Amino acid sequence: MPGLPFLVAIIGPTAVGKTELSLSLAERLGAEIISVDSRQVYRKLDIGTAKATEEERARVPHHLIDVADPVERFSASRFVELSTRAIEEILARRKSVLLVGGTPFYYRALLCGTLTEDLGSDPGIRAHLEKILAREGKAAMHERLRSVDEDSARRIHPNDAVRIVRALEIHTLTGRPASEVFRTRSPLCYPARVLYIGLSRSREEIRKRIADRALVQFEEGFPEEVASLLEEGIDERYPSMQGLGYRELAAFHRGRISLESALEGYITATRAFARRQMTWFTKFEPAVWYDMTRSEGESLQGDILMKIEENQRGGRS
C-alpha cells in the first residue's frame, strides 16, 4: 500500500539472537529500535528480561523499555499508544523504525490485520489469575469479572472457570472489557507496511542457548534482583512478577523450592514459551525467515538488508 510508513520487525523465539542482530542492522539502516516485549516495559526488571544494556542503548536509541512501574498493569492498549507515538517521532526525525521483540500479542495489537487467529494469551497473566482462582474460588472470580465487565459476567456462568479466567486475562492484556474487545475487534492499530524478518535455530540449539543464558543471568544477579523486588513489596500479586524466572525465584526466596529447582523451572518454562512463540510467529506475513544455525555474520546481514530494500521499494521477497 503506497503512502504508508514502512516498518521492519525482527521476530523469533527467545534466545534466538534478535538483540545482537537488531543492533547491527539498526546501525546500518540508521534506525531506532522499539522493544516489543511485555516484560521489558517494567522498570527494575532488568536481568531476568534480558534488556539491552546501557552500552547497547547508547549505540542505538531504544523505546518502550522502562516505561512502567512493576506495580502497574501494563496493557496492550497502552503499548499501542506509546509505540505509535514513538514510531511517529522516529519517522519525523527521518530515521527508520525497527520493531524487535518476542511478544506476538503486542505485534498484533499494534499492527492489526497481520493474523486471523483470536486474541493471544500471556502465560504469566494466565498463571497469576489461575492462582487467584485456586485461592479464592469461582464465585469470587466471577465477581471480579463483574466489577470490570458486566456484559461478560452476565454471559458467562459463575461455574465456568475457564471462560471467567479468559475474560479477565483479556481485560488485563488490553485494558478493556473482553465484551468490548470482541465487539470492536481491536480498532487500535498503526497503519503501516511491515516486513517481518524471522530468526530461527534448530530446536537443540535453542534449548542450549536458553539454558546457557539462564545460567549467566543467575550468575549476574537474577536471584538478587528478585530478592530486591520482594523486599520493596513487589511480589506475585503483580503481573510483572509472573514473568519467566521471576515466579520461580519468588518461590525460592519464600523457601518453597531450592535455587537449583528455580533455575531448572525457569529453563523448562522458557523452552516451552519459545515453542509457543514459534507457533504464533509462523503466522506472521509477509515474512522472510533465516536459520541462524546455518547462517550468521556479514552474509546474513547483507541478505537481510537486500530484502528490506526490495520490500521498501514495493518489491516482493
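In this predicted model, helices α10 and α13 are oblique to each other, because their axes cross at roughly 140° and an angle counts as roughly antiparallel only when it is over 145 degrees. Helix α10 covers residues 203-219 and helix α13 covers residues 259-281, and their axes come within 10 Å.

**Packing of α10 and α13**

- The crossing in which α10 passes α13 is right-handed.
- On the α10 side, the contact is made by R203, I206, R207, I210, A211, R213, A214, L215, Q217 and F218.
- On the α13 side, the contributing residues are L259, A262, L263, Y266, I267, T270, R271, A274 and R275.
- Sorted by class, the contact of α10 with α13 holds twelve nonpolar, two polar and five charged residues.
- An α-helix has 3.6 residues a turn, so residues three or four places apart point the same way.

**Packing of α12 and α13**

- Helix α12 also packs against α13, at an angle of about 165° and with the two axes 8 Å apart.
- This angle makes α12 roughly antiparallel to α13, because the limit for that term is over 145 degrees.
- Here too a right-handed crossing is found, with α12 passing α13.
- R247, E248, L249 and F252 of α12 meet L259, A262, G265, Y266 and A269 of α13.
- The contact of α12 with α13 divides into six nonpolar residues, one polar residue and two charged residues.

- Helix α11, residues 222-231, is mostly covered, as seven of its ten residues are buried.
- The buried residues of α11 are F222, P223, E225, V226, A227, L229 and L230.
- These buried residues pack against α10, α12 (246-253) and α13.
- Just after α11, G233 adopts a positive phi of about 85°.

**Packing of α5 and α8**

- The axes of α5 and α8 lie 10 Å apart, and the helices pack at an angle of about 130°.
- α5 and α8 are therefore oblique to each other.
- α5 and α8 form a right-handed crossing.
- From α5, the contact draws on I125, R126, L129, E130 and L133.
- From α8, the contact draws on A161, V165, R166, L168, E169, T172 and L173.
- The contact of α5 with α8 comprises seven nonpolar, one polar and four charged residues.

**Length and burial of α5**

- Helix α5 comprises 14 residues, 123-136, and extends 20 Å from its first C-alpha to its last, close to the 20 Å expected at 1.5 Å a residue.
- G124, I125, H128, L129, I132 and L133 are the buried residues of α5.
- The cover over these buried residues of α5 includes α6 (138-148), α8 and α12.
- G137 follows α5 and has a positive phi, near 95°.

**Length and burial of α8**

- The 14 residues of helix α8, 161-174, should span 20 Å at 1.5 Å a residue, and the end C-alpha atoms are 20 Å apart, which agrees.
- α8 is mostly covered, with ten of its 14 residues buried.
- The buried set in α8 consists of A161, I164, V165, A167, L168, E169, I170, T172, L173 and T174.

- Is H63 buried or exposed? H63 is buried, because its relative accessible area of 17% falls under the 20% limit.
- H63 lies in strand β3, which covers residues 62-63.
- Leaving aside residues up to four places away in sequence, H63 touches E32, I33, I34, S35, A86, I90 and R93.
- G3 is found in the segment before β1 (6-11).
- G3 is exposed, because its relative accessible area of 80% is over the 50% limit.
- G3 and E285 are 282 residues apart along the chain, and their C-alpha atoms are separated by 19 Å.

Terms used
Residues are numbered from 1 along each chain as its sequence is written. This is a predicted model: local features need pLDDT of at least 70, side-chain atom pairs count only at pLDDT 80 or more; totals for chains, interfaces and linings use all residues. Side-chain values use heavy atoms; hydrogens and water are left out. Axes are lines fitted to C-alpha atoms, for helices over the stretch in contact, and angles run from 0 to 180 degrees between N-to-C directions. Helices (H or I, at least four residues) and strands (E, at least two) are DSSP runs, numbered from the N terminus. Angles under 35 degrees count as roughly parallel, over 145 as roughly antiparallel, 65 to 115 as roughly perpendicular and the rest as oblique. A crossing is left-handed if the near helix is turned anticlockwise from the far one by less than a right angle, and right-handed if clockwise. Contact means heavy atoms within 4.5 Å. Ala, Val, Leu, Ile, Met, Phe, Trp, Tyr, Cys and Pro count as nonpolar, Asp, Glu, Lys and Arg as charged, and the others, Gly among them, as polar. The expected span of a helix is 1.5 Å times one less than its number of residues. Buried means under 20% relative accessible area, exposed over 50%, partly exposed in between (1.4 Å probe, protein chains only).
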